[in-house]
Amino acid sequence: MKRIMKIIFGLFGALLLLLIVAAVGATLFIDPNDYRDTIAAKVQEQTGRELDIEGEIKLSLFPWLGLELGAMQMGNARGFADKPFARIEAAEARVKLLPLLKLQTQIDTVLLRGLVLNLHRRSDGVSNWDDLAKAGEKPVAEPRAEKPSSEADGEKLEQMLAALAIGGIALEEANIEWRDDLSKQRFSLKHFNFSAGAIRIGEAIPLKLSTELLSSAPEINGSLDFSGDVTADPFAQRYRAQGMKLSTVLNGKGIPGAKLEATLGGDAAVDLATQQANLQGFTLNAMGVELKLTVAGKQIIDKPSFSGELVSNEFVPRQLLSQLDITLPEMADPSVMGKAKLSTRFEGGLDQVALNGLSLQLDDTTFGGKASVGNFAAPVIRYTLNLDEIDVDRYLPPPSDKPAAEEKVAPKGATTAAATELPLELMRSLDIDGSFTVGKVKVMNLHSDTIVATLKAKKGKFRLHPLSANLYKGGYSGNIGLDVRGKKAKLSLDEKLSGVQSGPLLKDFMGKEYVTGEASVAAKMTASGLDQMEIRRTLNGNGSFKFANGKVNGVNIGQLIRNAYALYKKQPMPKKEEKSTDFANLSGSFTVTNGVLNTKDLSALSPLFQIAGKGSVNLVKERLDLRLNTTILHDAGDVASGGVAELKGEKIPVTVKGSFSDPKFGVDVASIFEAKASAEVEKKKAEVKKEVDKQIETEKKKLEKDLENKLKNMLKF
C-alpha cells in the first residue's frame with residue numbers, strides 16, 4: 001500500500017510540475033485577452049447569457065502564479081429587467097509557485113471587488129437564476145462501489161490540507177439586491193465588505209463584515225457590523241468562534257419603535273466527535289435590556305439536549321415597551337412597570353423544555369418556581385409557581401370621575417372579544433397539572449391571602465381544584481370546571497364562603513357596606529359560553545346563604561312601616577332614622593333557572609320584627625321582584641311617637657321592585673286595616689246575627705209557651 005501511495009503522489013507531483021511548466025509557457029507565449037470572444041461565446045452556449053468582458057485579463061508567473069480579471073458582467077435571464085444579473089469590477093487570485101513543487105499550496109488573499117448581484121423572483125415563482133441552475137445540472141452517474149480508504153490515505157489527505165494555506169479572502173464594496181414579487185419583499189445590501197484573515201486548518205481565522213441594509217417592504221434601513229475569530233478543524237471535527245460581536249443600528253417603520261440599536265456577542269464551540277456544543281458569555285444588549293445566556297448541548301446529532309442559564313439586568317419595562325412603540329393603558333399608579341429582572345435555569349430538547357429556579361421581579365412583586373412543557377404538538381404542561389404579594393389595582397385603570405350613569409355600557413346582546421377569541425383547538429390538546437400559590441393579593445380593592453390554585457386539564461376538560469383563599473376573617477373554597485370539548489364551552493361552579501365579614505368585603509369591593517355580618521354562602525351552578533351575558537342567561541343551579549348579627553344598609557324597614565302607618569293615619573311623619581335594618585339572622589335558599597334567581601324561604605329575624613319573604617331576582621335584566629311579609633314583634637309607643645304598636649302581630653307586606661341600581665320599596669299598611677275593618681264587620685255581623693238568633697229563639701220559646709198554655713185552657717172541663 002505504501003508503495004502504491006508513493007507512486008500516486010509521485011504521479012501527482014509530476015502532473016503538478018507539468019502544469020507549472022504549461023502555466024509558465026502560457027504566460028510567456030499566450031495573451032488571454034485574445035480569447036475574450038471565445039470565452040464569451042462558450043458562456044453564451046452553456047448558459048444562454050451574455051458575458052461582457054470589459055477589463056483586461058492578466059496572468060502572472062513568479063513568485064506568484066496569478067490571475068487578475070478586470071470589469072465584466074453577465075446579462076440577466078430572459079423575461080427579467082434589462083440590467084446585469086451580476087457584475088464585478090476586479091478579481092484577483094494568486095498561488096505561490098515554488099511551494100507547489102513540494103506539494104504545498106500557499107494562496108494569497110483572494111480578492112473580489114465591486115460585485116453587483118441582482119436577484120429577482122417574479123410573482124409566478126420563477127427566479128433569474130433558475131436557468132443557470134439547470135445549465136449546471138449533469139446526468140447522474142451510476143453509483144460506483146467505493147473502496148474503503150485506509151488510515152494512511154486519510155493521513156495523506158490530512159497532510160495535504162494541512163499544507164494548504166490561504167492568505168485570506170476579501171469581498172470589497174459589493175452590492176446585492178433581492179426583489180421578491182411573490183412575497184412582496186425587497187431589500188438590498190449596500191457597501192458590503194467581508195474579509196477573512198489567513199486561513200489554515202486548526203488556526204483562528206479573523207473575520208470582519210460590514211454592510212448597509214435597505215428594505216422597502218418592510219421599511220427598514222441601517223447598518224450591520226460583525227467581527228470575530230473562527231477556528232475550524234474538520235479532521236478533529238471541532239469548530240470554534242471566539243470574540244464574536246454583532247452590532248446593528250436599524251431604523252424605519254418596519255422596526256418596532258422605528259429604531260433599534262443592539263449588540264450581540266460571545267463565544268461558541270462545537271465538537272462533532274463528542275456531539276457537544278456550548279455558548280459562553282453570550283450577551284444581548286438592546287433598548288436598555290441586557291440578557292446573558294449560557295448554553296451547553298449534548299448528543300447534538302443523535303438526540304439533541306441542552307441546558308443553561310438566562311439572566312437579565314434590572315431594566316425598565318415601561319421604557320422598553322415605549323421603545324417598541326407599545327402604548328400601555330393608563331394605570332392607577334403611574335410608577336408601576338418601573339423595574340424588572342429575570343433569571344432562570346433551563347434544560348430541554350427538540351420537543352420539551354423545562355425552567356427551574358425561575359425568578360421574575362416586577363416592581364415590588366417576585367414571581368418564581370418551576371415549569372415545563374413537553375410534546376409541543378399537544379403540550380404537556382407542568383408547573384409549581386408562587387408569587388409573594390401583588391397589588392393588582394396599581395396596574396388597573398384609575399377610577400373614573402364620571403358618574404355611573406355616564407359610563408359607557410355595552411349594548412344588549414353585545415359579546416366580549418375574549419369569548420370568541422379563545423384558542424379552543426389548542427385548549428383541547430392541552431395536558432396541564434400545576435399549582436399556583438399567592439401570599440397576598442389586592443384586586444378591585446379586595447384583599448386576600450394564602451391563595452392556592454391547582455389546575456388540571458386534559459382532553460378539553462379543565463378543573464380548578466383545590467381552590468382556596470383566606471379573606472376578611474373567613475375563607476373561600478371552590479371547585480371550578482370548564483369543558484371545551486363541544487362547540488360551546490360549559491362552566492360548572494361549586495363555591496363556598498364561610499365566616500367572612502361581609503361589611504368590609506362589600507365596602508372594599510363596591511364602596512359601601514350594603515350588608516354586614518358574618519356571611520356563609522354556598523352555590524352550585526352551571527352555565528354555557530364564556531361571555532358574561534351568555535353565562536347569566538344560561539346560569540342554572542341552587543344555593544343558600546346566611547348572615548349573622550349584622551344589618552342591611554340603605555333601607556330601614558321599620559321606618560318604611562312607620563312612615564306608611566303615619567300616612568294612613570294622617571299623622572305627622574315620624575323622625576328620620578338611620579337607613580339600616582338590623583338583624584340577628586338573615587338566611588335563605590334559592591334556585592337559579594336561566595339566569596333568574598327564585599327564593600321561597602327568605603327569612604330575617606331582629607328584636608323588632610320577623611320577615612318571611614319570597615320572590616325573584618333577574619340577573620339578566622338586573623331586576624328585582626320580592627315580597628317581604630314583615631311581622632311586628634315589638635314596637636312601643638303610639639303614632640305620635642313613631643310607634644306602630646297597633647300593628648303588633650300583623651303581617652305587613654313590603655315589596656322590593658325595580659332595577660339593581662334603583663330599587664323601589666313599597667309598604668301596604670292599608671291592606672292591613674282593610675283586612676282588620678273587614679274582619680270587624682264580619683265580627684259585628686256575627687254578633688248581630690247571634691243576637692237576632694237569640695231573640696228569635698226567645699220569641700220562639702215564648703210563642704211555644706203561649707201556644708201550650710192556650711191549648712191547656714181549651715182542654716179544661
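Predicted model: local features only at pLDDT ≥ 70, side-chain atom pairs only at ≥ 80, totals over all residues.

Me: What makes the phi of Met-337 worth a remark?

Reply: Met-337 has a positive phi of about 60° although it is not a glycine. Most residues other than glycine have a negative phi. Gln-299, also not a glycine, has a positive phi of about 45°, and its place is in the loop between β18 (289–298) and β19 (305–312). With a relative accessible area of 37%, Gln-299 is partly exposed.

Me: How do you know that the side chain of Asp-333 makes a polar contact, and with which residue?

Reply: The side chain of Asp-333 pairs with that of Arg-394 at 2.9 Å. A polar contact is a pair of N or O atoms within 3.5 Å; within protein, one must be able to donate a hydrogen and the other to accept it, and residues adjacent in sequence count only if both atoms are side-chain atoms. The pair is therefore a polar contact, as 2.9 Å is within that limit. Asp-333 lies in the loop between α5 (317–323) and β20 (340–349), and, not counting residues up to four places away in sequence, it touches Arg-318 and Arg-394, where contact means heavy atoms within 4.5 Å.

Me: What surrounds Asn-479, and why is Asn-479 called partly exposed?

Reply: Asn-479 has 22% relative accessibility and so counts as partly exposed. Asn-479 has its place in strand β27 (residues 474–483), and, leaving aside neighbours within four places in sequence, its contacts are Arg-463, Leu-464, His-465, Ser-492, Leu-493 and Asp-494. With Arg-463 the side chains of the two residues also form a polar contact of 3.2 Å. His-465, one of the contacts of Asn-479, is joined to Pro-466 by a cis peptide bond with omega of about 0°. Most peptide bonds are trans. Pro-466 lies in strand β26 (residues 461–471).

Me: How do you know that β21 and β22 pair, and in which sense do they run?

Reply: Two strands pair if DSSP finds at least two bridges between them; nine bridges join β21 (residues 352–362) to β22 (residues 365–374), so the two strands pair, and they run antiparallel. Leu-360 stands opposite Phe-367 in β22, and in the hairpin of these strands, which has two residues between them, Asp-363 takes a positive phi near 55°. Eight bridges join β22 to β23 (residues 380–391), again antiparallel, with Val-373 opposite Ile-381 in β23. That hairpin has five residues between the strands, and there Asn-375 takes a positive phi near 55°.

Me: Which strands does β30 pair with?

Reply: Strand β30 (residues 540–553) is joined by nine bridges to β29 (residues 518–528), the two running antiparallel, and Met-525 stands opposite Gly-541 in β30. With β31 (residues 580–593), β30 pairs in the antiparallel sense over twelve bridges, and Gly-550 stands opposite Phe-583 in β31.

Me: Why is Leu-497 called partly exposed, and what does it contact?

Reply: Leu-497 has 25% relative accessibility and therefore counts as partly exposed. Leu-497 lies in strand β28 (residues 490–501), and its contacts beyond four places in sequence are Leu-471, Gly-475, Tyr-476, Ala-519, Ser-520 and Val-521. Leu-497 and Ser-520 are 23 residues apart along the chain, with their C-alpha atoms separated by 5.1 Å.

Notes
Residues numbered from 1 in each chain as written. Heavy atoms only, no water. Helix = DSSP H or I, 4+ residues; strand = E, 2+ residues; numbered from the N terminus. Buried < 20%, exposed > 50% of the residue type's maximum accessible area, 1.4 Å probe, protein only.
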